Each structure stands twice: as structure tokens, then as C-alpha cells.
Amino acid sequence: MVEDLAQRPTVLILTPMKSAARYLDGYFAGLQALTYPHELLSLGILEGDSDDDTYAQLQVLMGLACKHFQSKHLFKRDFGKVIPVHLPRHTAVYQSARRAVLARARNHLLFNALRTQDWVLWLDADVIAYPPDIIERLIALGLDIVHPHCVTAYGGDTFDRNAWADHGRTYMQDLRGRERVRLDSVGGTMLLVRADRHRDGLVFPPFFYGAQSRWARIPHPSRGHLVGEIETEGFALMAKDMGIECWGLPDLEILHAPD
């Protein structure tokens, strides 16, 4: 068994969190149920700007859960609240600022937590169900960047609409029945990235990146002109510019909590 483990890749699971207290029990239950050898898994969480006791709960849970993980690290970084508490997080006028903060949180977490791991699995706290063997299945594909299909009901519409093709006109719900598809953009609900691609400089832009990229979205009426993409979408355009393909799995569904 020791020899077998030594030949298998290590995985760092990373999750930025904000006001996620209600999801924490399910989040750690999902990690605990993973069938990938826990000795090869590491966990990094960055909490910031919460309106609840997320950080206090994490301080306790990080010591109790996933006892056989190779390592676990909790980081605290407040970036400043962007959206007034009485408004939904997807309020359009605040989207650019909200996603810029999220991109910064992802990058801070990545730079603090990544050591010698072979893969990075980005996982949002409000992803509430996924196959226990999801890591094995994703790694087995041998792809640098791969994104399962995030929905709120199995067989339903795509939830993570930051994952798209055809300049933003096609989502994974439109591509069911295909084992894998090339994507122009990815979301971050669950995203497996070969760690060396991060080490090569692939990060999450906290600004609009790639306005001139041929992979970017076509101009949207509300935007007037193409300004590029931000956060995970900017990440995907940067990957394309580096010669790295992004892939989606339309028929491998993971479940997101209703928004």
C-alpha cells in the first residue's frame, strides 16, 4: 500500500469562504467521504469578510475533520465588503467588484497553501453533493484544467454559467451527451487544475483580462463593448493565451445549493 500511494499524485483542495457557516457541516462531510487516499490530500481554506461565525467554526472544524489529510491550513484575510447586506450577491452593479475580491482571495489562498502538490482542486463551500470518487475520475482524464457540470438539480440547467463556449452563447446544459468538451471559460464551483500550470503563472485576474482575445465573449448589449473577462473567466482566457485547453464534462454533474 505504501508503495502504491507513493506512485499516486497528491492533491490540494482549496476553498475561499465568506459567510459559509450554514454549509460547513456538509462541506466537511463531502471531503470526509472522498475515496481518494486521504494521506495524499491537503486542504487550504481562506475566510474573509463573513457576516456570520464562519471563521470561528472553521477554527474548530479544521482540527476535527479530515484527520488523515496530509495537511490542513486555515487563513484569514478580509478584503472589505463589496455588496450591501440587503442585496443578493449577484446584483449586477456589484459583480465586477465582487469578483475582483474573489479573484484576489483565490490568489492569496493559492500562494499561501500550494507546496509540492501535483493537482489543485478548487471547490466552493456551497457545492453540496458530488461523487465520492470525483478526484479519481477527474485526474484519470489527464487534462490540465477540467470542470464538472454544476447544477442545482440533476439533469437541470447549468448553475455555474461562468463555464461557457462559443463566446458565451453555449453552456454545458447545451452539450449533454458528450463525454468532454472544450470550453472558452470556466467557473470555480469545482475545478481541477494541474498544479504546475499555477506555478507557470496561471492565476485569477482581479481585473478584466483578454479584451482582444479571440476566445472572449462577444460584446454584450449591457456592456456596450468587450472589456475582457475577470476571475475564473479571466483565468480561462489566460490559460488559452498560455496554450492550455480548458475542458468541461457535461454529463458529470455536481450539485450546488439553491442560490
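Author: Gladly! Let us start with one cut-off: a residue counts as buried when its relative accessible area is under 20%. Keep in mind that this is a predicted model.

Reader: Why is Tyr-27 called buried?

Author: Its relative accessible area is 2%, and the limit is under 20%, so Tyr-27 is buried. Phe-28, with 5% relative accessibility, counts as buried too.

Reader: What makes Tyr-27 and Phe-28 an aromatic pair?

Author: Ring centres must lie within 6.5 Å, and here the distance is 5.1 Å centre to centre. Planes over 60 degrees apart count as edge-to-face; these two are at 85°, so the pair is edge-to-face.

Reader: Why is the pair of Phe-204 and Phe-235 called stacked?

Author: Stacked needs planes under 30 degrees apart, and this pair has 15° between the planes, with 4.7 Å centre to centre. Phe-204 lies in the loop between helix H6 and H7, and Phe-235 in helix H7, so the pair ties together parts that are 31 residues apart in sequence. Together with Trp-122, Phe-204 and Phe-235 form one aromatic cluster.

Reader: How do you know that Arg-106 lies over the face of Phe-204?

Author: The rule asks for CZ of Arg within 6 Å of the ring centre and within 35 degrees of the ring normal. Arg-106 is at 5.5 Å from the ring centre and lies over the face of Phe-204.

Reader: What makes strand E6 largely enclosed?

Author: 7 of the 7 residues of E6 are buried, so the rest of the structure largely encloses this strand.

Terms used
Residues numbered from 1 in each chain as written. Predicted model: local features only at pLDDT ≥ 70, side-chain atom pairs only at ≥ 80, totals over all residues. Heavy atoms only, no water. Buried < 20%, exposed > 50% of the residue type's maximum accessible area, 1.4 Å probe, protein only. Helix = DSSP H or I, 4+ residues; strand = E, 2+ residues; numbered from the N terminus. Phe/Tyr/Trp six-rings, centres within 6.5 Å; stacked < 30°, edge-to-face > 60°.
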